[in-house]
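Here are some notes to read alongside the model. Please keep the sequence and the 3D view open while going through the points.

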Amino acid sequence: MKITDHIKKSKGKTLFSFEIIPPQKGVGISDLYKSIDPLMELKPSFIDVTSSREEYVFIERGGGLMERKITKMRPGTLGICAAIQHKYNVDTVPHVLCGGFTREETEYLLVDCMYLGIHNIMALRGDAMKGEKYFEPKAGGHHYASDLVKQIYDLGTGKYLHGEILSGEKNSFCIGVAGYPEKHIEAPSIKYDIEMLKKKVKAGADYIVTQMFFDNQKFFEFVDEARKAGIAIPILPGLKPIATKNHLKILPQIFKIDLPETLVNEVLKSKSNAEAREIGTRWSIDQSKELLKFGVPVLHFYSMGKSDNLLKIGKEIF
């Protein structure tokens, strides 16, 4: 079922979903199942599976020589999606990136999604490769997420890169895109960022999932600005509970977000990671309750492979 159909079917009730990261290559899927199993009690409507672009690794060749190779440390997004759908009978959303893929490779991936009965796609530009200052697409790939969305939309209507299906079943996708309540780091202003979001919607996006945030007011203002700009599709808040004291440094650094001073001070005063985790869980519960009152269609959680705090939040919220 498409994400938008889940939302319509809920008749105004807020749904629960979460996002997982594929294990590194060479690691089995069993540990991933262990983190998913407890959360099935909350009846998630869908599960996102992230994707990562290629990165450089250096292989020692002897004699002091090092060879630079390109590899992917966390492959298997599509296979994990198929396994989860088969095991849990829940819809999955593979993340599809501009970075690291040609248009042809993207088309092959989307055709595989059709074969596997995957109806939802999260279309993202992706980050620059490690060691590169700015994002550069793979030769023959998309530079902007809006172009990726257009390709996904066109393929769903039967328009392929090198031809068109004139008859037979069409396999349209439900396309999700990212939104940034605190604006994308490369955007010069929130207004500019909203205009870029409008391009993705115009290209065929069906719903928006936001970057994680810890101040609901920023989300409310983002939604208000999006609606004023004519963006009418569902906007899903992305939430990440603080789980360790180190998150105070890691999350702002990686995701370019601000943390409220009240939350920062509480976590700094904690005497252990367990206490910090409890503070983060409580903060996320309070956030979720306020978002429920606001009427969000889905509460989407970034699990990062851990589930105990999400289960505690979900039991109190849902």
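**Notes on the predicted model**

1. Consider contacts in the protein chain between residues at least 6 apart in sequence: 76% of them join residues at least 24 apart. The model is a predicted one.

2. The protein chain holds eleven helices and twelve strands. Of its 318 residues, 49% are buried. The C-alpha trace spans about 65 × 60 × 45 Å along the principal axes. A compact globule of 318 residues would have a radius of gyration near 20 Å, and the chain agrees with this because its own value is 20 Å.

3. Helix H8 covers residues 247–255, and its buried residues are His247, Leu248 and Leu251. These lie on the same side of H8, because the arc they cover around the axis is only 100°. In general, an α-helix has 3.6 residues a turn, so residues three or four places apart point the same way.

4. What do the buried residues of H8 pack against? Their partners are strand S10 (207–212) and helix H9 (261–269). On the face of H8 turned away from the buried side, the exposed residues are Lys249, Gln253 and Ile254. Just after H8 comes Lys256, which has a positive phi of about 55°.

5. Ser272 is found in the loop between H9 and H10. Is Ser272 buried, exposed or partly exposed? Its relative accessibility is 30%, so it counts as partly exposed; the partly exposed class lies between the buried limit of under 20% and the exposed limit of over 50%. Thr244 is 28 residues away from Ser272 along the chain, and the C-alpha atoms of the two are separated by 8.3 Å.

6. Two packed helices are described by the angle between their axes and the distance between the axes. For helix H10 (residues 273–294) and helix H11 (residues 308–317), the angle is about 35° and the axes are 10 Å apart. The crossing of H10 and H11 is right-handed.

7. Which residues of H10 and H11 meet? From H10 come Arg277, Glu278, Thr281, Arg282, Ser284, Ile285, Ser288, Lys289 and Leu292. From H11 come Asp308, Asn309, Lys312, Ile313, Glu316 and Ile317. Sorted by class, the contact of H10 with H11 has seven charged, four polar and four nonpolar residues.

Definitions and conventions
Residues are numbered from 1 along each chain as its sequence is written. This is a predicted model: local features need pLDDT of at least 70, side-chain atom pairs count only at pLDDT 80 or more; totals for chains, interfaces and linings use all residues. Side-chain values use heavy atoms; hydrogens and water are left out. Buried means under 20% relative accessible area, exposed over 50%, partly exposed in between (1.4 Å probe, protein chains only). Helices (H or I, at least four residues) and strands (E, at least two) are DSSP runs, numbered from the N terminus. The arc is that of the directions from the helix axis to the C-beta atoms. Contact means heavy atoms within 4.5 Å. Axes are lines fitted to C-alpha atoms, for helices over the stretch in contact, and angles run from 0 to 180 degrees between N-to-C directions. A crossing is left-handed if the near helix is turned anticlockwise from the far one by less than a right angle, and right-handed if clockwise. Ala, Val, Leu, Ile, Met, Phe, Trp, Tyr, Cys and Pro count as nonpolar, Asp, Glu, Lys and Arg as charged, and the others, Gly among them, as polar. The radius of gyration is taken over C-alpha atoms; the globule rule is 2.2 Å times the number of residues to the power 0.38.
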